[in-house]
Amino acid sequence: MIRDRYFEPDVETMPRPRLEERQEQRVLELVPYAYTNSAFYRELWDAHGVHPRDIRSLEDFRERIPFIDKDMLRAYRTKKGDPFAGLLCVPPGRLSSVTSSSGTTGDPEFFAEIWGDGPPLVSASLRDLWEVGVRPGDRVLSPSGTFRNLMDYGYQALGAVVVSADTWFGRMAETLELVRRHRPAYIQLMYPQLVELERLAHEHDLKEVFSSLKGASCAGQPISPRMRAQVRDEWGIELFEYTSAADTGTAWECGEHNGFHLWEDTVFAECVNPATLEAVPDGDLGELVATDLDNSAAPLIRYRSEDLARLSRETCGCGRTHSRMWVSGRRGDETLVDGRTVALRDVWQAVEAQPETVAGVFQIVRAQREVERLHVRVGYDPSVTEDTSDLAVRLREEIRKQTGADPELELHTEDELMATVRSVAKFPRVVKA
Ligand SMILES: [Zn+2]
């Protein structure tokens with residue numbers, strides 16, 4: 001075991017029985033705490049006839065504590081006019097910060113936090129940054145965004161040097177200049193920036209520009225195998241993807257690139273059948289349900305994330321014992337076309353197969369989940385597109401081949417389509433209009 005691989009070796013490689021003991025202990029503190037201090041949980045649990053004294057083990061917790069979801073929190077927020085949806089367990093003046101999510105799937109969610117040296121989400125990802133290879137003295141390039149951010153505390157805790165610059169969307173040409181000059185070891189990227197870089201790769205030797213990087217992270221949405229291969233083989237960047245851990249924090253890939261690690265000393269993760277709400281066995285697809293173990297301000301308890309994922313509790317090739325998950329989409333992302341299920345990835349594959357739309361910029365447009373005809377909006381790269389009607393014929397044929405549905409196609413340039421994105425980090429794959 002290479003101890004230097006881990007930031008907190010004892011926690012990261014803790015035997016699972018000890019990890020589970022720790023979770024149980026924390027859950028048994030959390031339940032009475034939330035009942036006493038949060039109006040939302042008290043009302044909900046009372047309505048379900050559950051009292052903290054009934055909860056004496058993780059088994060009781062799984063059996064008795066009701067699930068919650070986004071809609072319940074929204075309803076409470078609207079009814080009571082409480083921005084924290086009744087979750088807040090402390091007087092608002094005791095909070096250290098309120099951060100927000102990227103708002104991909106609707107309005108951003110707000111997260112109340114109390115912290116000392118660093119915000120919980122940031123502190124938990126120090127382990128991941130260490131795994132990427134960030135070490136004291138390294139320079140890191142990070143956009144000074146606001147959502148779930150304040151990342152600077154984390155980089156500084158690692159002893160890294162933050163290069164603060166505007167590396168936001170549309171500024172990748174300037175960012176390349178910065179990378180040439182300051183030689184960072186780590187950079188944070190997002191999907192729209194990868195699409196931008198793809199364009200810039202025609203004029204820049206990206207492998208040479210990025211040769212100082214130990215790794216880069218990318219969050220927000222799944223990256224297609226083709227894009228991933230390009231970033232790795234042509235630009236020479238080891239990309240570490242991460243994703244939301246059901247709004248309780250983040251889950252990152254390790255160097256094995258085989259699943260996202262959930263830090264289970266900070267989250268109690270469950271995976272349930274979305275229809276029956278029964279736990280599914282390891283490896284089966286289910287909805288990720290999370291309980292915050294490190295947020296005493298406004299903890300989420302048995303929160304249904306809407307993320308469909310597979311969980312594995314087996315020790316990873318990196319030696320870490322914390323679970324990994326593979327996310328396969330959002331509950332409700334599939335479209336029913338004339339009774340036939342069309343998965344996003346099938347459309348994605350068809351779009352990627354054409355050279356003009358290889359970046360995979362597309363959306364499914366639908367007013368509701370069940371439609372008579374599949375409507376796909378696709379962004380093409382005008383610099384390599386000669387004949388859009390020829391492209392349309394090929395796209396339609398390929399989508400029909402992959403999905404069995406004859407699509408209605410709408411073509412735009414990639415830039416036009418990217419310009420419609422309101423969310424800060426993610427490109428929405430399913431839109432209403
Ligand atoms: Zn691992």
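I started at the zinc ion: its four donor atoms subtend angles of 103 to 117°, which makes the arrangement tetrahedral (all angles between 85 and 135 degrees for four donors). The model is predicted, local features need pLDDT of at least 70, side-chain atom pairs count only at pLDDT 80 or more, and totals for chains, interfaces and linings use all residues. Residues are numbered from 1 along each chain as its sequence is written, and side-chain values use heavy atoms, without hydrogens and water.

I listed the donors (N, O and S atoms within 2.8 Å of the metal, 3.2 Å for Na, K and Ca; water is not among the atoms, so sites may look incomplete). They are Cys254 (SG), His261 (NE2), Cys316 (SG) and Cys318 (SG), at 2.1 to 2.3 Å. Their spacing along the chain is C-x6-H-x54-C-x1-C.

I checked burial (buried is under 20% relative accessible area, exposed over 50%, partly exposed in between; 1.4 Å probe, protein chains only). Cysteine 254 is at 2% and therefore counts as buried; histidine 261, at 1%, is buried too.

Domain 2 (121–244) and domain 3 (335–431) each supply at least three residues, with bounds from an automatic or database domain assignment.

I then followed phenylalanine 362: its contacts (heavy atoms within 4.5 Å) include Trp348, Leu417 and Phe427, leaving out residues up to four places away in sequence.

Key: Four donors count as tetrahedral if all angles lie between 85 and 135 degrees; four count as square planar and six as octahedral if opposite donors are over 155 degrees apart and all others between 65 and 115; anything else is irregular.
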